[in-house]
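Work through the exercises below with the sequence and the structure in view. Try each task before reading its solution.

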Amino acid sequence: MQSLYWQFRWIYMEFCNCHLKNKSKCKKNALDKVALIIIFYFSLPSYILQIEDNIENLCLACTKLYQALNEGNMLGKRFKRRNVLLKTLYKLVDIDSDPLCLKLAKIILAMKVDGRNLLSVCKLAFKICKDKKNDLIVQNDTFQNDALLDYLLEVLRNEDLQKNNEALVYCMGAIKFMSGNAVLLNEMVNRGAVEMLLQLMKQINNIKEHDTYFSNLGHLLVQLTATVRTLADFGPARCRLSCSGAVSELCVALEQRGGDKDVCTCIVRILSKLSSYNDFCAALADCSRCYILFLALLNKHQKQQDIVIRIIFILGNLTAKNNKAREQFFKEKESVNTLTSLFQTYYELDLSTQRWYHDRKGKEKNHLKHPSEAEDVLIKLIRVLANLSIHPTIGAALAAAHPVVGLLVTVLEYKSVDDCEELVINAATTINNLSYYQVKDSAVQDKKLHIAEKLLKLLMSDNMDAVVEAVRVFGNLSQHHEIRDFIMQKNIYKFMITLLDSKKRDVCFFACGVLLNLTVDKNKRAFLMEEGGIGKLVDCLQDFGPADWQLSCLICKTLWNYSENITSTASCFGGDTDTLLALLTSLLDEEVELDCSLDRDIMDCQRVYWEREFKPVAEKLLDRIQSHHSFLPAEPITSF
């Protein structure tokens, strides 16, 4: 304790000398504070320093010391007895108290230490911030001037990357832990941390792979990107990331560090989060090299599920609404083959997982969670294929890609809706998209009967979303006479008629599309009357009418085809004739009112559709019914 006393006495004498030499720069109250601190410290026996009650006094003394040094202009490297002070402060670090260590760390950092001293104090800050129990003391400190956060940011801003790499890793780690606290996160943004971190990333990106320090900086980049990931979840920080060009720097880092799994994982986590926002998604789509970069990473880390699933998610967001993004991705070499290879890999992984549970005779079946990791990858991968298939040229190419279609059908074969609803429905949706394209060598057309067989499972399920997707596929496939025969043989048409009672527009629309295609064949039209289909179609027309001119048009087309060989309205439409006549007359009125729940643009679009699509077929149908004794020749309307 005597040694500690003499060390602080030297500090006191140094301060006195400073005061005597330049009174204008040193204040009397600062001198008094130093004196008070010294008297306080060295009137205590050493064993008392360990008593918990005196930790607060030590913290207060450190606060006073910091204030005295600051007011005496002795922070930084200007103080002659700086080394003596630092040694004393480092000895106090041994006292096991995080509040005290926080005060000490601030003073040490304020003294602008470097080398091993900088590393030691950064480790100390890391230790303090790592413990969640210290959030409150760090948070309270942050509301003061010259907080620990300010000094840590200053270290990152000013210290040399190569000379102090290890110290910067611990410093960045401390800030990463701080970012887990909402209050501290907000303070970080207010202090310009976002811009500073991106500037630091840019410095790291400027160090090329052949440089000796390149690999060492990977640890720093992991801590940095983990912090940016937290910032990406915070609205104000996200705005600053957008303005600061974060996407381009992240892509550069990802390209340079493609072999570093930890860095890749952190960056794709950031990009997957940011790609959920339109402005970031657009910025990423404009990075032309991002597609080839993502494909390279998918091939390199094919079995790293945490990386693969996030890259696939990003690609799903990029291709969701952007035709240019679809084109850029598709034109990259081996893009579809990469997706197919991933599909095969994770399908086999999912299959082996299922077999493992089955081999255990169901003992752990309750522990098999859905979606599994493999299923999750397949769900997001199929979403990418579905998005790509929206583009006319790409969709046509994918429809002819037998490996792609084969794997989609395989999902319907080995997986039930009860097992994994999203996976099965996504597969059905993508098959529906591809079935739209009538192209030479279409894999969908080659497998159409097999697909129809597998869709029966979906139709019979209790899941209405699955039922709707199955009906949509039948809507496209029923343009082929083989499928229409299949529908009749399996009594699927009865199910379609039943769906007209659902009172749901989309369900009725797709079911009516299948019925329209069936009425193209003259020998299949009678089923509508036999199964009560006419009455249900008229009910749909009454229910939806002006609210959905597309559905109304579809109903009129179906009734037009059905009534091609009409001899009398009684035999053709039965008791629904009068209702149908009244409905058509009403719906053809020029002053017909549109659904008031629609916004103006949709209303204008619906009116155009009424004029160009609904009105012509409805007028023809009305005329036929009214003049049912006239046997004018008629042509069937083309299929749905």
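Contact here means that heavy atoms lie within 4.5 Å. The model is predicted.

**Exercise 1.** State where His480 sits, whether His480 is buried or exposed, and which residues His480 touches.

Solution. Begin with the position: His480 belongs to the loop between helix H27 (464-477) and helix H28 (481-489). Next, take the accessibility. Buried means under 20% relative accessible area. His480 has 14% relative accessibility, so His480 counts as buried. Last, list the contacts, leaving out residues up to four places away in sequence: His480 touches Gln438, Gln445 and Lys448.

**Exercise 2.** Find which residues of helix H22 are buried and how they are arranged around the axis.

Solution. Helix H22 spans residues 392-399, and its buried residues are Ile394, Gly395, Leu398 and Ala399. Then look at the face of H22 turned away from the buried side: it carries the exposed residues Pro392 and Thr393.

**Exercise 3.** Describe how helix H7 packs against helix H10.

Solution. Two packed helices are described by the angle between their axes and the distance between the axes. H7 (residues 135-142) and H10 (residues 182-190) pack at an angle of about 30°, and their axes are 9 Å apart. Angles under 35 degrees count as roughly parallel, so H7 is roughly parallel to H10. The crossing in which H7 passes H10 is left-handed. On the H7 side, the contact is made by Val138, Gln139 and Thr142; on the H10 side, by Val183, Leu184 and Glu187. Sorted by class, the contact of H7 with H10 has three nonpolar, two polar and one charged residues.

**Exercise 4.** Repeat the description for helices H32 and H33.

Solution. H32 covers residues 533-544 and H33 covers residues 549-562; they pack at an angle of about 155°, with axes 9 Å apart. Angles over 145 degrees count as roughly antiparallel, so H32 is roughly antiparallel to H33. H32 passes H33 in a crossing that is left-handed. H32 contributes Ile534, Leu537, Cys540, Leu541 and Phe544 to the contact, while H33 contributes Leu551, Ser552, Ile555, Thr558, Leu559 and Tyr562. By class, the contact of H32 with H33 has nine nonpolar and two polar residues, and no charged ones.

Conventions: Residues are numbered from 1 along each chain as its sequence is written. This is a predicted model: local features need pLDDT of at least 70, side-chain atom pairs count only at pLDDT 80 or more; totals for chains, interfaces and linings use all residues. Side-chain values use heavy atoms; hydrogens and water are left out. Axes are lines fitted to C-alpha atoms, for helices over the stretch in contact, and angles run from 0 to 180 degrees between N-to-C directions. Helices (H or I, at least four residues) and strands (E, at least two) are DSSP runs, numbered from the N terminus. Angles under 35 degrees count as roughly parallel, over 145 as roughly antiparallel, 65 to 115 as roughly perpendicular and the rest as oblique. A crossing is left-handed if the near helix is turned anticlockwise from the far one by less than a right angle, and right-handed if clockwise. Ala, Val, Leu, Ile, Met, Phe, Trp, Tyr, Cys and Pro count as nonpolar, Asp, Glu, Lys and Arg as charged, and the others, Gly among them, as polar. Buried means under 20% relative accessible area, exposed over 50%, partly exposed in between (1.4 Å probe, protein chains only). The arc is that of the directions from the helix axis to the C-beta atoms.
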